[in-house]
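Work through the exercises below with the sequence and the model open. Each task is followed by a solution in steps.

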Amino acid sequence: MDSIGTQAYAKLLENGIQAIEEVNRLRSSGYTREDLYVISHDEDREGRIVDAADTNEVGLSEEGLFGSIANLFRSRGDALRFKITSLGFSAAEAAFYEKELDTGKVLVIAKRNPQ
């Protein structure tokens, strides 16, 4: 999953600074703001990194209306797994990434949207 240019790319990073650097690297390889997502277990931290890196947020267009509403009632872990699967990853991959997010890591996802 660590190959740039595929439909979906994900990388776990230790902190927000590394996440911003990864976003910049992906931008220089041709990804746009709309293709890039940052996910963290801590919502405030995620918001700060998204703002600083100027990335897209996983929302209604990725999750769908019912998924977005359901996430209001899910635990943070369940909501994160749903967000990750909504970006094209399997349930097993989402569970792995969410477990890593529990340890404080940050996930950067690049997904080219069909034209």
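**Exercise 1: a glutamate in a helix**

Glu-98 lies in helix α5, which spans residues 91–102. The model is a predicted one.

Task: Decide whether Glu-98 counts as buried or exposed, and list which residues Glu-98 is in contact with, leaving aside neighbours within four places in sequence.

Solution. 
- Step 1. The cut-off for buried is under 20% relative accessible area.
- Step 2. Glu-98 has 8% relative accessibility, so it counts as buried.
- Step 3. With the neighbours within four places in sequence left aside, the contacts of Glu-98 are His-41, Gly-77, Leu-80, Arg-81 and Ile-84.

**Exercise 2: strand β2**

Task: Find how many residues of strand β2 (residues 36–40) are buried, sort them by side, and state in which sense β2 pairs with strand β3 (residues 106–111).

Solution. 
- Step 1. Five of the five residues of β2 are buried, so the strand is largely enclosed by the rest of the structure.
- Step 2. In a regular strand, side chains alternate between the two faces of the sheet.
- Step 3. On one side of β2 are Leu-36, Val-38 and Ser-40, and on the other are Tyr-37 and Ile-39. Both faces are covered.
- Step 4. The pairing of β2 with β3 is antiparallel and has five bridges.
- Step 5. Ser-40 has Val-106 of β3 as its bridge partner.

**Exercise 3: two helices in contact**

Task: Describe how helix α1 (residues 16–28) and helix α2 (residues 43–53) cross, and which residues make the contact.

Solution. 
- Step 1. The two axes come within 10 Å and cross at roughly 35°.
- Step 2. The crossing of α1 past α2 is right-handed.
- Step 3. From α1, the contact is made by Gly-16, Ala-19, Ile-20, Val-23 and Arg-27. From α2, Arg-45, Ile-49, Ala-52 and Ala-53 take part.
- Step 4. Sorted by class, the contact has six nonpolar residues, one polar residue and two charged residues.

**Exercise 4: the whole chain**

Task: Give the order of the elements from the N terminus on, and state what percentage of the 115 residues count as buried.

Solution. 
- Step 1. The chain contains five helices and three strands.
- Step 2. Their order from the N terminus is β-α-β-α-α-α-α-β.
- Step 3. Of the 115 residues, 42% count as buried.
- Step 4. Among contacts between residues at least 6 apart in sequence, 61% join residues at least 24 apart.

Note on methods. Residues numbered from 1 in each chain as written. Predicted model: local features only at pLDDT ≥ 70, side-chain atom pairs only at ≥ 80, totals over all residues. Heavy atoms only, no water. Axes fitted to C-alpha atoms, helices over the stretch in contact; angles between N-to-C directions. Helix = DSSP H or I, 4+ residues; strand = E, 2+ residues; numbered from the N terminus. Left-handed = near helix turned anticlockwise from the far one by under 90°. Contact = heavy atoms within 4.5 Å. Nonpolar A, V, L, I, M, F, W, Y, C, P; charged D, E, K, R; others polar. Buried < 20%, exposed > 50% of the residue type's maximum accessible area, 1.4 Å probe, protein only. Pairing = 2+ DSSP bridges.
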